[in-house]
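Here is a short briefing to read alongside the chain. Take a look at the structure first, then go through the notes below.

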Amino acid sequence: MQAVKDKLGEMTAMKKVKEEARAEEKAEKEIAKARADIAHEVRLAKEAEATMVHHVAKAGEIARTGEQMANEKLAKLRESDPAAGAGAGRGGVPNNAAANPLPTTNMSPPTYNKMS
């Protein structure tokens, strides 16, 4: 009778150990999945940042081109009509892209900080 009780005790102990091992394995799998999800989101964020940097640079280039074209048109107007010179009728305040450049301070794109 004692042998049967010992055998049942051993079986219960083995069942408990196996259950704990399964629970630990499941937790490790969940942690691994969470890490994979985080890595995926970080990759998407880096790609979005690279795209944004590209578009900011492209917008700057377009702005510079537009500014140059506006200055060229104003220069042509001034050559053909001297009365339409800088600030004619406005108290000498020129209204061109060279005199009123686009604000470019603090316009650098955000960067990815691996430490945060």
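How much accessible surface does the protein chain have, and what share of it belongs to carbon and sulfur atoms? The accessible surface comes to about 10,100 Å², with 60% belonging to carbon and sulfur atoms (Shrake-Rupley method, 1.4 Å probe). This is a predicted model, in which local features need pLDDT of at least 70, side-chain atom pairs count only at pLDDT 80 or more, and totals for chains, interfaces and linings use all residues. Residues are numbered from 1 along each chain as its sequence is written, and side-chain values use heavy atoms, leaving out hydrogens and water.

**Overall build**
- Buried residues make up 3% of the 116 residues (buried is under 20% relative accessible area, exposed over 50%, partly exposed in between).

**Salt bridges**
- The structure holds three salt bridges (a Lys or Arg side-chain nitrogen within 4 Å of an Asp or Glu carboxyl oxygen).
- Glu25 pairs with Lys29 at 3.8 Å, N to O; Glu25 is partly exposed at 44%, while Lys29 is exposed at 56%.
- Asp37 bridges to Lys33, with the closest N and O atoms 3.4 Å apart, and these two lie four residues apart in helix H1, about one turn.
- Glu47 and Arg43 form another salt bridge, at 2.7 Å between the closest N and O atoms.

**The end of the helix**
- Ser80 lies in helix H1, which covers residues 2–80, and is exposed at 58% relative accessible area.

How values were computed
Buried means under 20% relative accessible area, exposed over 50%, partly exposed in between (1.4 Å probe, protein chains only).
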